[in-house]
Amino acid sequence: MKHWYPETRFNCDNVRLPLLDEQCCTEFSDNQEIEVKAVREPHPSFGWIKAVVKMINGNPPSHFVVQYLNSSVTEIVSPDRVRYVNNNSHINGDTFYKFDIDVPEDVREFAKIDGIHKDLQKAIGASLVLYNPDQSVLSVISRSLLPSKRTLMLADVHFRNLKQKVMLLKKTEDLARCTAKPTTNGTLRTPYQCSDMATAINRPQPRHVTTSHQQHCFMPTPTSCTTMEDLKVEVLFENGVYYEGFVTGVMENEVLVSFPN
């Protein structure tokens with residue numbers, strides 16, 4: 001995914017949550033303070049800038065004439081670029097929660113694969129689960145506190161599944177090398193000549209049967225699933241514009257934010 005601005009750390013005082021749907025409205029009046037979606041140098045992306053409604057044309061409105069605050073610049077804008085002022089306070093230490101889970105050494109390479117942790121993210125109800133190769137941990141970010149015991153249990157199941165995938169991949173690679181290796185008479189081996197290995201790969205794996213109580217602990221409910229929308233924020237830049245981004249890391253008094261196109 002391409003980004004118009006590099007992933008950057010911002011102080012929480014410069015970051016706020018976006019407006020909720022119920023905070024949005026389509027009714028405006030003359031001289032009302034609003035926010036306009038516009039581009040302001042030096043950045044190429046649209047952001048939210050404060051302005052005042054100078055004139056409304058049409059009913060329902062077909063366009064607005066706005067004047068940006070602390071500026072003599074006016075512009076004609078369409079209704080989809082106008083919204084109420086976002087008065088949400090800046091985020092704090094209770095807005096996002098983050099904790100790390102140690103990744104077993106034998107699955108760390110596999111843990112780097114993009115999207116490999118989606119099932120775990122969905123199961124524990126997290127907003128984001130990312131592998132941090134520098135610390136060999138899964139970083140879990142959520143808008144709410146997650147039950148640590150249940151999360152660790154699900155993570156353990158997730159790592160066991162990864163180990164099985166690693167073992168299966170290794171056996172498949174061994175089988176491929178076996179079939180490609182010439183025999184003593186110079187001909188290539190066939191899968192039938194590697195039947196023991198092929199049988200080992202295709203042999204059904206023993207299944208662990210859980211009790212009803214364990215199933216209750218491990219099966220996520222649909223309502224526990226969250227999306228990246230939970231991590232959407234608006235960041236104040238030096239040009240006075242709030243730009244939309246997504247939290248990808250949480251530190252003390254700071255957050256790491258990415259800005260996809």
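# Contacts, strands and salt bridges

Q: Leaving aside neighbours within four places in sequence, which residues is Gln32 in contact with?
A: Once those sequence neighbours are set aside, Gln32 is in contact with Glu27, Ala51, Val52, Val53 and Tyr84, where contact means heavy atoms within 4.5 Å.

Q: What sort of model are we looking at, and how are the residues numbered?
A: This is a predicted model, so local features need pLDDT of at least 70 and side-chain atom pairs count only at pLDDT 80 or more, while totals for chains, interfaces and linings use all residues. Residues are numbered from 1 along each chain as its sequence is written, and side-chain values use heavy atoms, with hydrogens and water left out.

Q: OK, back to Gln32: where does it lie, and is it buried or exposed?
A: Gln32 lies in the loop between strand E2 (15-16) and strand E3 (33-39); strands (E, at least two residues) and helices (H or I, at least four) are DSSP runs numbered from the N terminus. Gln32 counts as buried because its relative accessibility is 17%, buried being under 20% relative accessible area, exposed over 50% and partly exposed in between, with a 1.4 Å probe and protein chains only.

Q: What does its side chain reach?
A: The side chain of Gln32 reaches the backbone nitrogen of Ser29 at 2.9 Å. This is judged as a polar contact, a pair of N or O atoms within 3.5 Å; within protein, one must be able to donate a hydrogen and the other to accept it, and residues adjacent in sequence count only if both atoms are side-chain atoms.

Q: And Val53, which residues does that one touch?
A: Not counting residues up to four places away in sequence, Val53 touches Ser29, Asp30, Asn31, Gln32, Ile34, Phe64 and Val65. Val53 lies in strand E4 (residues 46-57), and at 0% relative accessibility Val53 counts as buried.

Q: Switching topic: how do strands E5 and E6 pair?
A: Strand E5 (residues 63-68) and strand E6 (residues 74-77) pair in the antiparallel sense over four bridges, pairing being counted if DSSP finds at least two bridges between two strands. Gln67 stands opposite Thr74 in E6, and in the hairpin, with five residues between the strands, Asn70 takes a positive phi near 55°.

Q: What is the strand order in the open sheet of three strands?
A: The order is E8-E10-E9, with antiparallel pairing. The edge strands are E8 (97-102) and E9 (128-132), each of which pairs on one side only, and five bridges join E9 to strand E10 (residues 137-142).

Q: Last topic: how many salt bridges does a search of the whole structure find?
A: The search finds 12 salt bridges, each being a side-chain nitrogen of Lys or Arg within 4 Å of a carboxyl oxygen of Asp or Glu.

Q: Which parts does the pair of Glu234 and Arg83 tie together?
A: In this salt bridge the closest N and O atoms of Glu234 and Arg83 are 3.0 Å apart. Glu234 lies in strand E11 (residues 232-236) and Arg83 in strand E7 (residues 82-83), so the pair ties together parts that are 151 residues apart in sequence. Both Glu234 and Arg83 are buried, and a network of salt bridges links Arg16, Glu35, Arg83 and Glu234.
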